[in-house]
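The entries follow the order in which I looked things up.

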Amino acid sequence: MAKELITRLQARAANSDAAGQPDALAWFDAGYLAEAYKQWIGKGEPNPAVALDGYSLVRKAISLRGSDPQMEFAAALITLAGPENAHRDHVRKAIAGARNDPLLAQNLASNFNHQTIAELLVAARAGGVHQ
């Protein structure tokens with residue numbers, strides 16, 4: 001089922017490009033799921049996203065969509081372990097966008113491991129997160 005889901009999301013995104021109307025959300029869904037699979041599915045288990053660069057698909061979605069702090073938040077989560085400059089940029093854009101987005105602000109203020117998500121993201125930027 002995991003393979004079927006990622007395959008369908010990739011096809012949805014590719015079909016939007018083929019139709020001449022790239023769908024940012026379709027590219028985002030495929031990329032974010034690929035990165036979630038990489039974090040979720042254990043080593044040694046078959047992972048249908050192993051060959052996918054989900055982060056580049058999320059970056060494509062951001063470029064298609066324009067300013068989207070929620071996508072920037074997702075990209076900040078994906079880049080917790082690097083690349084550092086990209087992570088910093090995504091964190092900055094997500095936090096700035098939270099001023100006008102109550103749900104994003106709430107997510108950034110949520111607690112995880114005795115830190116807010118925003119603190120966790122900023123700590124990663126300063127080298128405080130080790131995976």
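The entries below cover a helix, a pocket and some salt bridges.

**Entry 1: the model.** I noted that this is a predicted model, in which local features need pLDDT of at least 70, side-chain atom pairs count only at pLDDT 80 or more, and totals for chains, interfaces and linings use all residues. Residues are numbered from 1 along each chain as its sequence is written, and side-chain values use heavy atoms, with hydrogens and water left out.

**Entry 2: helix α5.** I looked up helix α5, residues 84-97. Helices are DSSP runs of H or I with at least four residues, numbered from the N terminus. At 1.5 Å a residue, its 14 residues should span 20 Å, and the end C-alpha atoms are 20 Å apart, which agrees. The expected span is 1.5 Å times one less than the number of residues.

I then asked which residues of α5 are buried. They are Ala-86, His-87, His-90, Val-91, Ala-94 and Gly-97. These residues cover an arc of only 135° around the axis, which puts them on the same side of α5. The arc is that of the directions from the helix axis to the C-beta atoms. Buried means under 20% relative accessible area, exposed over 50%, and partly exposed in between (1.4 Å probe, protein chains only).

**Entry 3: the largest pocket.** I recorded a volume of about 150 Å³ for the largest pocket. A pocket is an open set of points on a 1 Å grid over the protein atoms alone, where a 1.4 Å probe fits, with protein on both sides within 12 Å along at least five of seven lines; lining residues have an atom within 4 Å of a point. Among the lining residues I found Lys-38, Ile-41, Glu-45 and Val-50. The lining divides into two nonpolar, three polar and three charged residues.

**Entry 4: salt bridges.** I found that the structure holds eight salt bridges, each a side-chain nitrogen of Lys or Arg within 4 Å of a carboxyl oxygen of Asp or Glu. Lys-60 pairs with Asp-17, the closest N and O atoms being 2.7 Å apart. This pair links distant parts of the chain, with Lys-60 in helix α3 and Asp-17 in helix α1, 43 residues apart.

In a second bridge, Arg-65 meets Asp-68 at 2.8 Å, N to O. Arg-65 counts as partly exposed at 44% relative accessibility, whereas Asp-68 counts as buried at 9%.

Salt bridges that share partners join Asp-89, Arg-92 and Lys-93 into one network.

Key: Helix = DSSP H or I, 4+ residues; strand = E, 2+ residues; numbered from the N terminus. Points joined across faces, edges and corners; volume = space filled by probe spheres on them. Nonpolar A, V, L, I, M, F, W, Y, C, P; charged D, E, K, R; others polar.
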